[in-house]
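My notes follow in the order I looked things up.

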Amino acid sequence: AFAKEKGMEGPIRVAHVSDNSQVVQSDDHNMHTSQDWNPLVLGPSFLVSTFDEWKKAILETDQHMDFMIVSNYRKIAHSKTNPKLVPYKEVMQWAFENSPVPIIGINGFVCEDGAAISIATSPFEQGEVAMQMALDLATGDKRTQNLTTEQTRQYIVIIDEGRFKKSGITLPGVYQSFARAINKFVPEKTVTVKEN
């Protein structure tokens with residue numbers, strides 16, 4: 001819906017912008033080996049190490065994508081000469097305020113740290129799959145060398161209503177209903193005026 005409202009033509013381009021940590025490299029590899037992006041087109045990834053690299057990647061996103069996917073940004077240094085990490089909420093806040101394209105988190109904390117929305121893997125499903133693997137090993141049904149990497153099939157939706165309204169993204173109401181149902185919908189803060 002957002003793409004049509006903004007007059008986007010052709011396939012919708014998405015790209016991954018995140019830090020360059022080992023876990024992100026794994027996420028990025030999984031994204032690019034997945035064949036299930038249709039009708040979207042997955043573009044290049046921008047995995048950065050410093051805050052200046054982050055800012056540059058964010059500001060130039062509209063050259064490469066229509067939507068930005070963010071997985072992690074908690075390992076971004078102040079600079080090449082100052083390895084101290086930038087506070088992660090500051091990193092996400094800067095991205096939200098300056099990105100020319102909408103940001104969609106693929107971890108719940110991306111929304112909790114300042115994005116408008118995250119569509120993330122379900123921790124419930126991850127727990128169930130891990131428990132089943134442990135049971136299979138404990139009962140002897142499987143051996144460690146026979147375990148395979150599992151792909152998630154369920155997700156959760158986290159929405160910050162105030163930021164969501166500012167983002168310009170529109171989604172079917174079921175996403176908001178789902179976020180509310182699992183208590184992951186942050187309502188827009190309203191200012192109340194007390195009368196004396």
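I count helices (H or I, at least four residues) and strands (E, at least two) as DSSP runs, numbered from the N terminus. On that basis I get eight helices and seven strands for the protein chain. I keep in mind that this is a predicted model.

**Entry 1: whole chain.** I looked up burial first. Of the 196 residues, 36% count as buried. The accessible surface comes to about 12,200 Å². Carbon and sulfur atoms hold 52% of that surface. Then I checked contact range. Taking contacts between residues at least 6 apart in sequence, I find that 69% join residues at least 24 apart.

**Entry 2: the sheet.** In what order do the strands of the open sheet run? I read β2-β1-β3-β4-β5-β6-β7, seven strands with mixed pairing. Helix α2 (residues 22-33) does, touching β1 (13-19), β2 and β3 (67-70). The direction of α2 makes about 165° with that of β2.

I also followed one strand pair in detail. β5 (residues 117-121) and β6 (residues 155-160) are antiparallel, with five bridges between them. Serine 118 has isoleucine 158 in β6 as its bridge partner.

**Entry 3: serine 71.** I found serine 71 in the loop between β3 and α4 (88-98). Is serine 71 buried or exposed? Its relative accessibility is 0%, so I log serine 71 as buried. The cut-off for buried is under 20%. Next I looked for a polar partner. The side chain of serine 71 makes a polar contact of 2.8 Å with the side chain of histidine 16. Beyond four places in sequence, I list His16, Val17, Ser18, Val24, Asp27, Ile106, Asn107, Phe109 and Val110 as contacts of serine 71.

**Entry 4: nonpolar cores.** In soluble globular proteins, nonpolar side chains tend to be buried together. I looked for such groups here. The largest nonpolar core has 21 residues. Which of its residues touch the most other members? I note Trp54, Met68 and Tyr73. The elements giving two or more residues to this core are β1, α3 (51-59), β3 and α4.

I took tyrosine 73 as a case. Leaving aside neighbours within four places, tyrosine 73 is in contact with Asp19, Trp54, Tyr88, Val91, Met92, Phe109, Val110 and Asp113.

Notes: Residues numbered from 1 in each chain as written. Predicted model: local features only at pLDDT ≥ 70, side-chain atom pairs only at ≥ 80, totals over all residues. Heavy atoms only, no water. Buried < 20%, exposed > 50% of the residue type's maximum accessible area, 1.4 Å probe, protein only. Contact = heavy atoms within 4.5 Å. Areas by Shrake-Rupley, 256 points an atom, 1.4 Å probe, with all protein chains shown as cover. Pairing = 2+ DSSP bridges. Axes fitted to C-alpha atoms, helices over the stretch in contact; angles between N-to-C directions. Polar contact = N/O pair within 3.5 Å; in protein donor to acceptor, adjacent residues only side chain to side chain. Core = buried A, V, L, I, M, F, W, Y, C linked by side-chain atoms within 4.5 Å.
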